[in-house]
Amino acid sequence: MQLSTNRIGSPFRFEASWLLEHECDVVIRNFWCSTTADLPQKLELLGKMLQSWGSLVKKQRRKFKIDLEQRLLIVPPALVSRICCIPLAKSKPADVLIWRCDNSGIYSPKSGYKLLMQENNHISVSDTEVQESILHSFYIKLWGLNLPAKCKIFFWRLLNNFLPTFVNLQYKRVQVRNTCPLCEFAAESTDHLLFLCPFIKQVLSSVGLPHPPANHSSFYKDAFAGWFVNSNAKQQMLLVITYWAIWHARNKLIYEGSLCSIPTTSTFIQAFILETESLAGISTLKPVPKKVKWFPPDSSTIKLNFDAAFNNSTNTSVSGIVARNSQGLVLAACTFPHSAVADAFSAEALACESAVTFASDLGFRSVQVEGDSLSIIKKLNAATMDRSLISPIISDIQTLRGSFDNITFSFVGRQGNMVAHELAKLGIQLSEPMYWMEEVPMQVERLVLRDLPP
Ligand SMILES: [Zn+2]
């Protein structure tokens, strides 16, 4: 933004990064109110003052960086970069206790028990992460199988020990014998059904399935999930159907007294799998995806859409922001780079913060901030205090709410946030923050036109 040219020194250039300093508008307002001169002279003086103030800010930032680097010289470089990625709140919120063993940040007896169990079983944090990733893959594979929902839900209940096995009924103080009705060999617990029951092992062999490996740990769920994940897709399908069919045969035996033999169960499984495969061929009807669109705000509100592009290898991100009115016309847009960003989640939170700061600097009083990161929007609308790793950024955004008469945060699907998304992508190629007033870069224009109301 070229305002005027100084007679002495370099031409005046309004640095976009000044807008990120919270005191920028105060500095300008104070100077403007306290200076008496005619307009051209006042503008020229303002330019000089801003230039000297800007260089002071730059010096302070540089000094802070050098100080920090010197203080961090004793720490290994890998740790330094991780420390630098920790978001710090500008709003200086009060200290709070955060329980890191639960995602909510709040202590619960359940999370305490989990921690004690981990310690007693000498499971390290990395072991827990591995187990979580195995279970994650297990659920992805299970829910992705082309099988009736009843079979998949049954299998999920089995693995999570939610079935009314005799051992579980006894645990709930129901007076029953706990012997497995299928083999009459041992107590009917979930790990007996999964790993040990001789009847089930024979049914598995009869349909050509291998036996799950013997489970020597108390974590049968992880052991079975790991084995399931490493089986091929056909085996996974067959396994789910086999356990589902065996459980039904077991119920028939208990409640109707009908004998369940291995050949009958095996024939039923084979017939069921054939039927499922033939149905899979016909069912080609795919659910029609819901169309997500950008909608303009009401006439008294400005809508700001934000999105982030994150580079994992450099820990940098770019915020893309666009402000539009009720007619869908662009009032302003910007791309803003960030360094030392821990992850994509922090990048989204920073993009939201940049959008709110941008709206405040532009003097908008009633705004709707919209993004496609549901968790960030939920955190901003939550009545309770956020205790996650990005809580300093959330706290800063909440503090900025005071700059507006009215501000709301809403979620929109990716298709309704394409302008901000493209701006963020475009920003990757630009090293400096970029601002556009009443227009957007050429590459994004077609998306703005697409969003225009009919
Ligand atoms: Zn048994």
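Start by selecting strands E2 and E3 in this predicted model: they make a hairpin with five residues between them. Click on Gly328 in that turn, and you'll find a positive phi of about 85 degrees.

Now colour the two strands, residues 316-324 for E2 and 330-338 for E3. They run antiparallel and are joined by eight bridges. For a landmark, pick Ile321, whose bridge partner in E3 is Cys334.

Is E2 mostly covered or mostly open? Covered: eight of the nine residues in E2 are buried.

Next, zoom out and colour by domain: domain 1 is 16-71, domain 2 is 125-282 and domain 3 is 302-451.

Last stop: select helix H6 (149-159) and helix H11 (233-256), which pack with their axes 9 Å apart at an angle of about 80 degrees. That angle makes H6 roughly perpendicular to H11. Show side chains for Cys151, Lys152, Phe154, Phe155 and Leu158 on H6; they meet Val240, Ile241, Tyr243, Trp244 and Trp247 on H11. Which classes of residue make up this contact? Nine are nonpolar, one is charged and none is polar.

How values were computed. Residues are numbered from 1 along each chain as its sequence is written. This is a predicted model: local features need pLDDT of at least 70, side-chain atom pairs count only at pLDDT 80 or more; totals for chains, interfaces and linings use all residues. Axes are lines fitted to C-alpha atoms, for helices over the stretch in contact, and angles run from 0 to 180 degrees between N-to-C directions. Helices (H or I, at least four residues) and strands (E, at least two) are DSSP runs, numbered from the N terminus. Angles under 35 degrees count as roughly parallel, over 145 as roughly antiparallel, 65 to 115 as roughly perpendicular and the rest as oblique. Two residues are in contact if their C-beta atoms, placed from the backbone, lie within 7 Å. Ala, Val, Leu, Ile, Met, Phe, Trp, Tyr, Cys and Pro count as nonpolar, Asp, Glu, Lys and Arg as charged, and the others, Gly among them, as polar. Domain bounds come from an automatic or database domain assignment. A residue is buried if 20 or more other C-beta atoms lie within 10 Å of its own, exposed if 12 or fewer, and partly exposed in between; C-beta atoms are placed from the backbone. Two strands pair if DSSP finds at least two bridges between them.
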